[in-house]
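Student: I am new to this structure and would like to learn how to read it. Where do we start?

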Amino acid sequence: MHTIIFDIGNVLIGWNPLLLYNKVFDTPEEAEWFVKNITHLDWNEEQDRGRPVAKATELLVAEHPKWEREIRMYYDRWTEHFSGAIPGTVEILKTLHAGGNYRLLALTNWSAELFPWARENFDFLQLFEDIMVSGEVKMKKPEAEIFHHLAKVYDLGDFSGCLFIDDSLRNCAMARSLGLDTIRFENPEQLLQELKERGVKVELS
């Protein structure tokens with residue numbers, strides 16, 4: 001193995017819009033319904049593909065005017081979606097970087113407008129050789145084209161010797177179908193165990 005590719009959201013940085021909307025709605029059930037049915041994943045992923053957040057907001061407000069106040073909160077207060085770094089995974093990343101045995105890349109679905117905030121607030125992102133941001137390349141996981149683009153930009157060939165780590169089942173399924181070894185991230189302890197099973201040199205202090 002020569003290259004390890006990390007997802008960022010919910011692998012290295014905790015993200016969940018419910019962290020915001022549980023403050024906004026009276027009950028967890030109301031918050032969950034809103035996130036699932038109004039500010040849903042398909043809408044959010046178009047921003048990951050490059051749609052401007054202002055345009056996305058106006059489109060959704062036009063579709064659901066009843067929820068205008070809550071919709072506008074999504075990006076007005078979007079940093080409240082984040083719970084911070086996931087310490088165990090960050091420690092694994094730091095150990096891999098210190099060892100110097102692998103190329104370390106990241107592939108993240110993230111709005112190009114908003115990703116600079118992550119770079120400014122999480123210094124461990126500097127440990128990657130590079131980060132491919134979906135909104136910057138106008139493609140997103142789990143579409144095959146972003147993986148092909150990754151291979152071309154970083155000269156990864158047919159992905160032999162590459163490991164991909166992501167919390168999303170569908171992203172891992174696509175990566176596997178294209179020849180990547182994959183670990184579906186659940187928690188840092190499970191990730192460490194699966195890395196060791198693959199012979200990856202990662203010894204935490």
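Predicted model: local features only at pLDDT ≥ 70, side-chain atom pairs only at ≥ 80, totals over all residues.

Student: What is the phi of N10 near?

Tutor: The general idea comes first. Most residues other than glycine have a negative phi, and most peptide bonds are trans. N10 is not a glycine, and its phi is positive, near 65 degrees. Its relative accessible area is 26%, so N10 is partly exposed.

Student: Is F159 buried or exposed?

Tutor: Buried means under 20% relative accessible area. F159 has 3% relative accessibility, so F159 counts as buried.

Student: Which residues does the cis peptide bond join?

Tutor: It joins K141 and P142, with omega at about 10 degrees. P142 is in the loop between helix 8 (134-137) and helix 9 (144-153).

Student: How many salt bridges does a search of the whole structure find?

Tutor: A salt bridge needs a side-chain nitrogen of Lys or Arg within 4 Å of a carboxyl oxygen of Asp or Glu. Over the whole structure, the search gives 15 salt bridges. One of them pairs E143 with R49, whose closest N and O atoms are 3.1 Å apart.

Student: Why does the pair of E143 and R49 tie together parts that are apart in sequence?

Tutor: E143 is in the loop between helix 8 and helix 9, while R49 is in the loop between helix 3 (41-48) and helix 4 (53-63), so their pair ties together parts 94 residues apart in sequence. E143 is partly exposed, at a relative accessible area of 22%. R49 is partly exposed too, at 25%.

Student: Which residue besides R49 forms a salt bridge with E143?

Tutor: K140 does, and there the closest N and O atoms are 3.6 Å apart. K140 counts as buried, at 7% relative accessibility.

Student: Which residues are linked with these in a network of salt bridges?

Tutor: The network links E45, E46, R49, K140, E143 and R170.

Student: What does the side chain of K141 meet in a salt bridge?

Tutor: K141 meets the side chain of D166, at 2.8 Å from N to O. D166 is in strand 6 and K141 in the loop between helix 8 and helix 9, so this pair ties together parts 25 residues apart in sequence. Both D166 and K141 are buried. K141 has already come up here, as a partner of P142 in the cis peptide bond.

Student: How many aromatic pairs are there?

Tutor: Rings of Phe, Tyr and Trp pair if their centres lie within 6.5 Å. By this rule there are 19 aromatic pairs. In the pair of F82 and W117, the ring centres are 4.9 Å apart and the planes are at 40 degrees, so the pair is tilted. F82 is in strand 3 (residues 82-85) and W117 in helix 7 (residues 115-121), so the pair ties together parts 35 residues apart in sequence. F82 counts as buried at 14% relative accessibility, whereas W117 is partly exposed at 22%.

Student: Which residues do ring pairs link into a cluster?

Tutor: The cluster holds Y21, F25, W33, F34, W43, W67, Y74 and Y75.

Student: How far apart are I8 and T108, in sequence and in space?

Tutor: I8 and T108 are 100 residues apart in sequence, and their C-alpha atoms are 5.8 Å apart in space. I8 is in the loop between strand 1 and strand 2. At 0% relative accessibility, I8 counts as buried.

Student: Which residues gather in a patch of negative charge on the surface?

Tutor: Asp and Glu count as negative. D26, E29, E30 and E32 make up the patch. E29, one of these, is in helix 2 (residues 28-37). Exposed means over 50% relative accessible area, and E29 is exposed, with 57%.

Technical notes. Residues numbered from 1 in each chain as written. Heavy atoms only, no water. Patch = residues over 30% accessible without salt bridge, like charges linked within 9 Å, V, L, I, M, F, W, Y side chains within 5 Å. Areas by Shrake-Rupley, 256 points an atom, 1.4 Å probe, with all protein chains shown as cover. Charge placed at Lys NZ, Arg CZ, Asp CG, Glu CD. Helix = DSSP H or I, 4+ residues; strand = E, 2+ residues; numbered from the N terminus. Buried < 20%, exposed > 50% of the residue type's maximum accessible area, 1.4 Å probe, protein only. Phe/Tyr/Trp six-rings, centres within 6.5 Å; stacked < 30°, edge-to-face > 60°.
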